[in-house]
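Please walk me through this structure, one question at a time.

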Amino acid sequence: MSVTIPRALLSNSHSSFAIIDPSTGNFHRRFDRHGYLTSGLRRHVAISYVWSEWKDNPADRLPDWSLLRERLLAVVGDNAPAGLKKETWGVSKCWIDCKCINQDSDSDKAYWIPRMDEVYSEARCTVLLVRDDLSPLMHLSLEMSCRFKGKLNSVDELLAPHNCLLSQSCTILPDLTPEREHLCLDALKSFTSGAWQRRAWILQEVLLSENYLLSWGASGWMSLSDVGVIADALSFRHPAKLWLRQFSNWYRRLWYLRQNYGEAQSFELSNANVLQLAAGLEATVPCDKFYALCGVLRLKSVQYNPGHTADETLQNIVAELVRNGRLSWLYAIRPCLPAAGVMLRADDMMLFVLTRLDSRLIANRKEMVMSGGRLRFAGSPIGVIVCTSPLKEFLEQAAAAFDRHRKFDFSTEEAHLAFAPAVIRRLAIDIIEPLLTDAVFDIMCDILSISREISPRGLRVAIMVMRLFTYCRGGGQTQPEENNEPDLRIHTMMEVAAWSIQTRLSEMTDFAVIGYSRDTTSTGDDPANRSADGIALGTSAVKPSALIYSVRGDKQLQVIAGVPATSTSGMSGMEADVSSFQGMMLSLNDNEVIGPQPSRLFSRGFWRGPGRDQKACQLMFAYE
């Protein structure tokens, strides 16, 4: 215990991991950081806040400690509300950056910035200090309920625990007077427009914390996830308020990544999704927008440079990912045709689609280099593009065909349209997957008049997806009686799901449905004259005759690129010089899911590492 930040035991260049007791102002060195000596009991709360909101004068370099200390005494220690004290286990100490990092030492900041994941992941919880009064939302959260609580079987709950934030349509709000609903909307608007959501550090805080709570005033508190659930429920009632949907979408995506982050020893968190979520954030120091990701991306050796621009920092982060054999960041890169290379731009990334493959991404570092304006890695040609169709056009054709073929008995000419449910599910997987647990799925099928006798189950899923996608509110479907409240609520759940899917798909303007042939050896014909033997998703930049390559050592990553006119090696040559980057391919395979499939953990295929393909060639892209 000391009145100043203790130095590290084995280094004089940085401080130790220390926490502060707001009641005394004393620092305590953390020896048992992971709780090994206390049976996992985490003994501190991490504090999040917006510096500018806690300054006496905007020109001050640091926030006012006396203001912060007064609030902290209502978060940790004896004065905390009983409910909040239960969440924090009554701890009396906290970690707060303005005190626990030496703000006068550049070396201390450079050391701790890549290690912020340790601060949040080892805390009992993270508490965001809010200036707004969220009492209307807190009271509403105590009255809302879930229509599936207690109705899911134990197997479903074990393998895929129900979460109202992800399911979106299961929340039942109490009857709200116009005045009360207006108060809730005002509180949401003020909170979601605050600077806290744009802070560069928010991703680490939410992704890594065991629990993320909000605190205001002397006794107000609630969880951020409850705010997300309320925003979701109200967004359907107020579709014109786009800010509601934007907030609920943002937090739902964060939650999907958050619940899977702890599994990264077996399942790789998508680097692309983390970069995409960070692209819209802000930082007092521009470089912090991406340097703040070092902990989440587990890049401890990145050299912090406060003079970097956001684009320079992005390039530095990507270069370190490549040095670590990781290429999944390419899913975030928007093709820049007619230019041939890869452009790393912080403000121009692909639209967010959850990109999480079903096994760990294991790359061969020896065959991956990023230097001198060139990105090089080994890849094997696995297909050639034979046709493309803009996503909107494909889905419109599928919807029209579905009206004629309700059981997916498509003609040969329309057979490719049978992939529409898989395409929709891939782009809206975070919306659709929570609907597939048994209790939810059966109710959705009943309200959509899908017989439970239809077999196999996959056909029922496909029919459900298409009916939700083509559902037209007030378009002639049978409506429940107004005095039948249970049926009205179930019907509303279905309408929310349909609205969410349709809204998501309408935003996916960067994507196209691509058909490809697996024959990459034929050189005498035009690939555009072949029939497709595979359907997938690509970017709108994909052109017929482009090749699909699987990355050597990481075959689930599939790059679409064109062979330059100067190349003389052909499709299957060992020295192909590919330079026209046309984006990544999202396959529609059933094994490409969000999160693990427990039944696959013991399969031989899961544990077997990727094999070496002798047809691999060196791919090269320019980057800037």
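Predicted model: local features only at pLDDT ≥ 70, side-chain atom pairs only at ≥ 80, totals over all residues.

Modeller: Residues are numbered from 1 along each chain as its sequence is written, and side-chain values use heavy atoms, with hydrogens and water left out.

Colleague: What share of the residues in the protein chain is buried?

Modeller: A residue is buried under 20% relative accessible area, exposed over 50% and partly exposed in between (1.4 Å probe, protein chains only). The protein chain has 624 residues, and the buried share is 55%.

Colleague: Which residues have the most contacts inside the largest nonpolar core?

Modeller: A nonpolar core joins buried Ala, Val, Leu, Ile, Met, Phe, Trp, Tyr and Cys residues through side-chain atoms within 4.5 Å. The largest one has 183 residues, and helix 12 (residues 242-261) gives the most to this core, with 9 residues. The residues with the most contacts inside the core are Leu214 and Trp329.

Colleague: Which residues does Leu214 touch?

Modeller: Contact means heavy atoms within 4.5 Å. Leaving out residues up to four places away in sequence, Leu214 touches Leu128, Val130, Leu134, Phe191, Gly220, Trp221, Met222, Leu224 and Val227.

Colleague: Is Arg460 buried or exposed?

Modeller: Arg460 is found in helix 21 (residues 457-470). Residues that Arg460 touches, not counting those up to four places away in sequence, include Phe441, Asp442 and Cys445. Its relative accessible area is 7%, so Arg460 is buried.

Colleague: Which strand gives the largest share of the lining of the largest cavity?

Modeller: On a 1 Å grid over the protein atoms alone, a cavity is a set of points where a 1.4 Å probe fits but cannot get out, and lining residues have an atom within 4 Å of a point. The largest cavity is lined by 15 residues; by class, 10 are nonpolar, 5 polar and none charged. Strand 13 (534-539) and strand 16 (580-584) are the elements that give two or more residues to this lining. The largest share, 3 residues, comes from strand 13.

Terms used
Helix = DSSP H or I, 4+ residues; strand = E, 2+ residues; numbered from the N terminus. 1 Å grid on protein atoms, 1.4 Å probe; cavity = no way out; pocket = protein on both sides within 12 Å on 5 of 7 lines; lining within 4 Å. Nonpolar A, V, L, I, M, F, W, Y, C, P; charged D, E, K, R; others polar.
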